Amino acid sequence: MIPLSVCIIGKNEENNIEKCLAPLVPYGFEIIYVDTGSTDRTKELAAKYTDHIYDFEWIGDFSAARNFSLQKASHNYVLVLDCDEFLTEIDLDGIEQAVNAHPNGVGLLLRINYCDSNRKKTSSPDRVERLFHKRRYHYCFTIHEQVADINTNSTYYDRYEIPLTVDHIGYAGNMDEKRLKAERNNELLFKEIEKHPDNPYFYFQIGQSYNLISDYENSYIYYKKAFELPLDPKELWVQVMAVAFINAMTHTGRSEEALAIFEPIAHLFADTADFHCSMGNIYLNQKPPQPLKAMMEYVKASQSPNHREEGSNTYIPYYNMGLVNEMLGNAEAAISFHQKSAAYDYPLAIERLAALGVKNL
């Protein structure tokens, strides 16, 4: 196995730090923990798992803290984690093979995100850039930092998948805490926009901040600003934004606008299961609804390449196909699809079966 340093930054993470560090110890990784000002027991608990603990004075710059952690790493190859990400699966030989096949690239781990959806606990997978050579790459931007070429700051590079999975519990504050978090994030993001007014990434992230607090009107405004600038649909964050933009438009009664924007460019997101689900939702929210077109999109979602990563890409298409069949009057098919969705413990599917008077198998 290639020598690997795991780099983590955090603050006041006493509830997560042990769950993050403990699974790493059996693999003999060098663990670098950089603390940005904890006032709880985070550092004390981290010391049970690593001697490499460093303090970093917080200057409102996430990339600066990340890059400081990279500097402290002894090994050239670094794996970057957050305190609320917990290793669940890893194939060391597979990682080495992937790195050797992509010596100048950046490795994507599989992250399973656990969050609340419609007041229910759900999970969804995504891929994030976390493994790279620290002499080739570093972090840029003060907030929502991105891996970038160390010489050019370009975020265009070879991305490849690595056989490593983490569970991500995500931010779980109450609405007031989420609102404060959104305000703090946006304060930094507006400063980035002053420096980079033509970079759509920061408008996207402001939209995400408003999305965190269900302020879909402001989310719509900033996603739209981002879409008015040049975008590369192959970028993972652009794919995420497309889905979020559609969601904001459907929540604010703009489904016709969503259809006008995305129907002509849907082919650019053809491999994204969540996008197909979002397109299906657009068709269902038209006046009158277009259930057959919606069904085609949900079928595409269930057959898309990233469908193999079980999560929302699996159970949401089945649940939506059940809803469409209900709309079409095909009760037997509706129940069948809801049962497929419920097999993944999707709460809405389980509730729907109960409402239909059907026992979940």
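Trainee: Which residues have the most contacts inside the largest nonpolar core?

Mentor: A word on the model first: it is predicted, so local features need pLDDT of at least 70 and side-chain atom pairs count only at pLDDT 80 or more, while totals for chains, interfaces and linings use all residues. Residues are numbered from 1 along each chain as its sequence is written, and side-chain values use heavy atoms, leaving out hydrogens and water. A nonpolar core is a set of buried Ala, Val, Leu, Ile, Met, Phe, Trp, Tyr and Cys residues joined through side-chain atoms within 4.5 Å, where buried means under 20% relative accessible area, exposed over 50% and partly exposed in between (1.4 Å probe, protein chains only). The largest one has 49 residues, and those with the most contacts inside it are Tyr223, Met241, Phe245, Phe262, Phe275 and Met279.

Trainee: Which helix supplies the largest share of this core?

Mentor: Helices (H or I, at least four residues) and strands (E, at least two) are DSSP runs, numbered from the N terminus. Several helices each supply at least two residues of this core, among them H5 (175-195), H7 (216-227) and H8 (236-251). The largest share, 10 residues, comes from H8.

Trainee: Nice. Which residues does His338 touch, not counting those up to four places away in sequence?

Mentor: Start with its setting: His338 lies in helix H13 (residues 331-342). His338 is buried, because its relative accessible area is 0%. With contact meaning heavy atoms within 4.5 Å, it touches Tyr318, Tyr319, Gly322, Leu323, Glu326, Ala349, Arg352, Leu353 and Leu356.

Trainee: Let's turn to the strands. Which residue in E9 is the bridge partner of Tyr139?

Mentor: In strand E8 (residues 137-140), Tyr137 and Tyr139 point one way and His138 and Cys140 the other, all of them buried. Two strands pair if DSSP finds at least two bridges between them, and E8 and E9 (residues 146-149) pair in the antiparallel sense over 4 bridges. In E9, the partner of Tyr139 is Val147.

Trainee: Which residue in the hairpin of E8 and E9 takes a positive phi?

Mentor: Look at the 5 residues between the strands. The phi in question is near 80°, and the residue is Phe141.

Trainee: On to charges: what is the N to O distance between Arg66 and Asp82?

Mentor: A salt bridge is a side-chain nitrogen of Lys or Arg within 4 Å of a carboxyl oxygen of Asp or Glu, and the whole structure has 19 of them. The side chains of Arg66 and Asp82 meet in one, linking helix H3 (residues 62-72) with strand E4 (residues 77-82). Arg66 is buried, with a relative accessible area of 7%. The N to O distance is 2.4 Å.

Trainee: Is Glu145, which also meets Arg66 in a salt bridge, buried or exposed?

Mentor: The side chains of Glu145 and Arg66 meet at 2.9 Å, N to O. This pair links distant parts of the chain, with Glu145 in the loop between E8 and E9 and Arg66 in helix H3, 79 residues apart. At 18% relative accessibility, Glu145 counts as buried.

Trainee: And which residues are linked in a network of salt bridges?

Mentor: Glu85 and Arg111 also form a salt bridge, with their closest N and O atoms 3.4 Å apart. Glu85 lies in strand E5 (residues 85-90) and Arg111 in strand E6 (residues 106-117), so the pair ties together parts 26 residues apart in sequence. The network links Arg66, Asp82, Glu85, Arg111, Asp126, Arg130 and Glu145.
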